[in-house]
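Dear colleague,

Please find below the structure that I am handing over to you. My findings follow it.

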Amino acid sequence: MRAVIIGGGAAGCFTSLLLARAGHRVTLLERDRLAVHPDVETAAAHAFRPTAPQIVQPHMIMARCRELLAQRLPDVYQGLLEAGVQEAPLRTQMPPSLPDKAPRPGDERLTQLLTRRSTFDWVLMRSVAAEPGVDFRRGVKVTGLTARPASGHGPAQVTGVRSDAGDVGADLVIDATGRRSAIDTWLTGLGTRETTMDQAECGLAYYSRHYRLRPGAVPPGSSSQRMVATLDDLLVGIWPGDNGTMQVAIAPFATDERFRGVRDPDVFSRVVRTVPDFARWLDVLEPVTDVFPMGGLHNTLRRLVIDGEPVVTGLHAVGDTVCTTNPTLARGLTLAVIGAAGLADTLAEHPGDLAGQALAMDNLTAARIQPFYAEQAAIDEVRLRHMRRVILAEAEPESVPAASPSTSEGIGYWQVRAAAPFDPVVFRAFWKVMGMIAVPGEAYADPEVIARTREVLGSKQAAPATDRPSRAQVLAALA
């Protein structure tokens, strides 16, 4: 089958490799003139581009993404390790408050990878550039789709793409262009229905900077553990990377004008230093980049099947084109590889059946992607309600929505998150969802998880205390 993939980011690269290795002829079109740099640090130095601002923001490779890479693209996985990407077993995420840290069966599935996104993409792009079955064309902008008109009761069939370099015919077109996809404009140009889109506010802006451990410096804590402080006005976090790097981010309420100044490196450092644990880290780190801003974020979920009918056949979408979520929980790359692997499996299971392929991909979205979108939208709703109340002095609405999708027993993200530091069973249930090994409804509905969560919450145990700055200290740092 001839497949044209639009978008040379991670989702497009995953899909290109998996389809090419399954015997399909792949043409990968990327609008930017991306270079395959000679080494990791050169790639990092040239990582920022306006069309993909997330590349320079903090990343972690969650457990399900790592697992799929090891199973489906083992050479890419080995390349990541050789490039300096760290494996972080579950034990590295265990807090001191957890009473039983002994390993248990299944813990191996919950290993994460620690890396800068630029290193991850560098390894992935090198693999695509060397893949014989992929024709990687850079500097090509897709402007529309070609299609056969609808006949009888069936939808139109996409037959290729239009681009500024000419038309490219295909048996299958995959949109991997991301959150700014023009897919609905392309469909309108064919005279067909648009996709459907659910959207929920993320509400945060992100400012990040990359650092490296100073030569001879002793880290004040584990360099394999993500650290996040959720304050009233903002979120501050440190994410470990590859080759001795650390990624630091500040995420305030998106409309809070007071935080515009954190683009200045000195202001950024002062705000981070208001959290004592993070100040100790800055003492042993040296910055290696400027401060990178990112905004305009939403949680989104797109469907290409409406009321059981594909909007067209011969067209699929993967990655951020299908779903975007708040970057705080680092789910984007995992959702991308789930979609790419699912598409490869779908084509093998439904060869030549374009309508069957569309329905199978929509079923995958409903089963393995939509639950994470729904949970993230609900998490953000609670966080933003709190921030509006604290920052804008908005009154709590009379009817308060549920804190997050939960089981019939009332156990959801916030309850499991609060209990996880104190119980090994709940801790693993939490990280199965964090690592995307299980969807929330599976992990949180386990009777033992429900019972143990209730037991911990009933005992009034609290998460280990963290020195929190006052609002006055944060405002002084901003000033």
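Ala165 is located in the loop that joins strand S8 (157-163) to strand S9 (168-169); helices (H or I, at least four residues) and strands (E, at least two) are DSSP runs, numbered from the N terminus. Ala165 is exposed, its relative accessible area being 64%. The cut-offs are as follows: buried is under 20% relative accessible area, exposed is over 50%, and partly exposed is in between (1.4 Å probe, protein chains only). From Met125, Ala165 is separated by 40 residues in sequence and by 22 Å in space, C-alpha to C-alpha.

Please note that this is a predicted model, in which local features need pLDDT of at least 70 and side-chain atom pairs count only at pLDDT 80 or more, while totals for chains, interfaces and linings use all residues. Residues are numbered from 1 along each chain as its sequence is written, and side-chain values use heavy atoms, with hydrogens and water left out.

Two further loop residues deserve mention. Asn243 has a positive phi of about 55° although it is not a glycine. Asn243 sits in the loop between strand S14 (234-240) and strand S15 (245-252), and its relative accessibility of 34% makes it partly exposed. Ala330, likewise not a glycine, has a positive phi near 55°. Ala330 belongs to the loop between strand S22 (323-324) and helix H9 (332-349), and it is buried, with a relative accessible area of 17%.

Turning to the helices, I begin with H1 and H5. Two packed helices are described by the angle between their axes and the distance between the axes. The axes of helix H1 (residues 10-21) and helix H5 (residues 117-130) cross at roughly 35° and come within 10 Å; axes are lines fitted to C-alpha atoms, for helices over the stretch in contact, and angles run from 0 to 180 degrees between N-to-C directions. On the H1 side, the contact is made by Ala10, Cys13, Phe14 and Leu17, and on the H5 side by Arg117, Phe120, Asp121, Leu124, Ser127 and Val128; contact means heavy atoms within 4.5 Å. These residues comprise 7 nonpolar, 1 polar and 2 charged, where Ala, Val, Leu, Ile, Met, Phe, Trp, Tyr, Cys and Pro count as nonpolar, Asp, Glu, Lys and Arg as charged, and the others, Gly among them, as polar.

Ser118 is also in helix H5. It is buried, with a relative accessible area of 7%. Leaving aside residues up to four places away in sequence, Ser118 touches Ala43, Ala44, Ala47 and Ile55.

Why is helix H12 (residues 424-434) largely enclosed by the rest of the structure? The reason is that 10 of its 11 residues are buried. Among them are Phe427, Arg428, Phe430 and Trp431. The buried residues of H12 pack against strand S5 (112-114) and against four helices, namely H10 (354-391), H11 (413-419), H13 (440-444) and H14 (447-458).

Finally, the chain as a whole. The protein chain has 15 helices and 22 strands. Of its 479 residues, 56% count as buried. The C-alpha atoms fill a box of roughly 65 × 50 × 45 Å, taken along the principal axes. Among contacts between residues at least 6 apart in sequence, 75% join residues at least 24 apart.

Yours sincerely
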